[in-house]
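Dear colleague,

I am passing on to you the structure shown below, together with an account of what was found in it. Please look through the sequence and the model before reading on.

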Amino acid sequence: QFPRNSCSPHLSTAGVSSCHSLDVTARRPAPPAGMIEIPEFLSIKGIMTGGLEQVDAAADPCEPNYAMSKFIAEPFNALSALGLILAGSNAMHQSRKYNFETRFMVLGFAVVIMGASSAFFHATLSERSKSWEEMAMVWSAFGWVTTLMQMSHSTNETPSIAMVAALGCGLWLSQLDLKPEFITIGCRVLLAVFGSAGVYLLHRCVNRFCNLPLFIASERDHILLNPHPSTLKLQLMARWQVGCLFLAFLALLVPSVSCSSLGSFQLHALWHLLFGLSCHYGLQFAMALRQSILHKAPPATSWSLGGLLGCVVPTEVPSRAMGAQLRWLLKMAGVDHLDAV
C-alpha cells in the first residue's frame, strides 16, 4: 500500500510514509498475465469527456447503453450508420471514375460526413456529437436541394460553391457557445424546409425531364406518353428514393412512441439502413439525370439484385445512343424490321 498524497516513495523502518498525510488506498490489481489493460481515457467516450461517464445527450435511442461494450454505447446503431458512409463513398467513387462534376463529389462527401457523425454520436451519446450529426444532415439536405435546382443549367459549380460556403458557416456555428436545444430546434426546422423542397424539386425534375409523374401514373398515361424504357428506370429510381425515405421516417418515429414494446429489435438501426438506401438512390438519380441532360442521351442506369439496386453507368457514344433511340421509335411505330436497300 502507498499513501494517497505520497511526497516521497521511500518508507521508514516502521513501514510508515514520511509524508504528513497518513491516508492510504489500495492499489488496483494488476491485469492477468498476457492481458493488456486499456485505460478508460483511451475509449471513444473517454476522448470526449475524459472517461466513461453518464449519457449527457438529450436524445437517447432505445438500444441499451453500454450493454455489449463499455467503449461503445450503442453498437448496432453505430454499425448501421455505415450504410450512409457506403452510399456517399460509392457516389464519390463514381463521380471520379466517370468524370462527373464536382457537385456530386461534394454531395457524396456530405453523406459520408453525415454517416460518420451519426456513428460517432451512437458510440458516445454526447450532446456535442448529436449537434454534429444534425448539422451534417442539414448540410446534406442543402446540397441535395442546390443540386436539383441547378440540374438543367450549364456546367457551372454553383452547387459546389454553395455547399462549401454552407460547410464553412456550419463550422463557424459549431465554435459558438450555443445551447444544444437551440441547435436541435434550428436544425429540425431547416431539415423540414429542405426536405420538403427536395421532394418538390425531385417531382419537378421527373415531370420535366422524364415527362412522367413521380407518384401516380396510370396505364393510360404510359400509352399516351410512350416513355423510353431508360426513362422509366430513372422514374423508378426516384420512386425508390422517396419510398425508402418514407419507410425510414416510420422506423424513426415508432421507437419514439414506446421503447418497451420493441424488445431487442432495433428500429433506429433500420432507420439508418433505409435512409442510407434512400441517399444512394437519390445520388444515383441525380448523376444519371445530369449525365443525360449534358450528353443529350437517354438516362443510363444498371440494375442488380433482381432490379432492386440501381446505379448510374456511362452513357453510350452518340452513334449507338441514336441507334437505340431510332430502334425504339421504329418499335413504337410498329415497324419490326427494315428491308435492305
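Does His 122 count as buried or exposed? At 0% relative accessibility, His 122 counts as buried. Here buried means under 20% relative accessible area, exposed means over 50%, and partly exposed lies in between, with a 1.4 Å probe and protein chains only.

A word on conventions comes next. This is a predicted model, in which local features need pLDDT of at least 70 and side-chain atom pairs count only at pLDDT 80 or more, while totals for chains, interfaces and linings use all residues. Residues are numbered from 1 along each chain as its sequence is written, and side-chain values use heavy atoms, with hydrogens and water left out.

Overall composition

The protein has eleven helices and four strands. These are DSSP runs numbered from the N terminus, with helices (H or I) of at least four residues and strands (E) of at least two. Of the 341 residues in the protein, 39% are buried. Among contacts (heavy atoms within 4.5 Å) with a separation of 6 or more, 64% are between residues 24 or more positions apart.

His 122 and Glu 63

His 122 is found in helix H4. Its C-alpha atom is separated by 9.3 Å from that of Asn 65, 57 residues apart along the chain. Glu 63 is placed in the loop between helix H1 (44–49) and helix H2 (75–80), and is buried, with a relative accessible area of 3%. Neighbours within four places in sequence aside, Glu 63 is in contact with Glu 74, Pro 75, Phe 76, Asn 77 and Gln 266.

Helix H3

Helix H3 (residues 82–97) has 16 residues, which at 1.5 Å a residue should span 22 Å; its end C-alpha atoms are 22 Å apart, in agreement. The expected span is 1.5 Å times one less than the number of residues. Buried in H3 are Leu 84, Ala 87, Gly 88, Ala 91, Gln 94 and Ser 95. They cover an arc of only 125° around the axis, which puts them on the same side of H3; the arc is that of the directions from the helix axis to the C-beta atoms. Leu 86, Arg 96 and Lys 97 are exposed on the other side of H3. The cover over the buried residues of H3 includes helix H4 (102–124), helix H10 (267–295) and strand S4 (309–312).

Which residues of H6 are buried? They are Pro 159, Ser 160, Met 163 and Gly 170. Seen down the axis of H6, these residues fall within an arc of 95°, so they line one face of the helix. The face turned away from the buried side carries the exposed residues Ile 161, Val 164 and Trp 172. H4 and H5 are among the elements that cover the buried residues of H6.

Two packed helices are described by the angle between their axes and the distance between the axes. In what follows, axes are lines fitted to C-alpha atoms, for helices over the stretch in contact, and angles run from 0 to 180 degrees between N-to-C directions.

The axes of helix H5 (residues 127–149) and helix H6 (residues 158–174) come within 9 Å and cross at roughly 160°. H5 and H6 are therefore roughly antiparallel to each other, a term for angles over 145 degrees. Residues of H5 that meet H6 include Met 135, Trp 139 and Phe 142.

The axes of H4 and H6 come within 8 Å and cross at roughly 35°. Thr 102, Arg 103, Val 106, Leu 107 and Ala 110 in H4 meet Pro 159, Ser 160 and Met 163 in H6.

Residues with positive phi

Most residues other than glycine have a negative phi. Leu 125, in the loop between H4 and H5, has a positive phi near 55° and is buried, with a relative accessible area of 0%. Asn 211, in the loop between helix H7 (180–209) and helix H8 (219–225), also has a positive phi near 55°, but is partly exposed, with a relative accessible area of 46%. Asn 99, which follows H3, has a positive phi near 60°.

With kind regards

How values were computed. Parallel < 35°, antiparallel > 145°, perpendicular 65-115°, else oblique.
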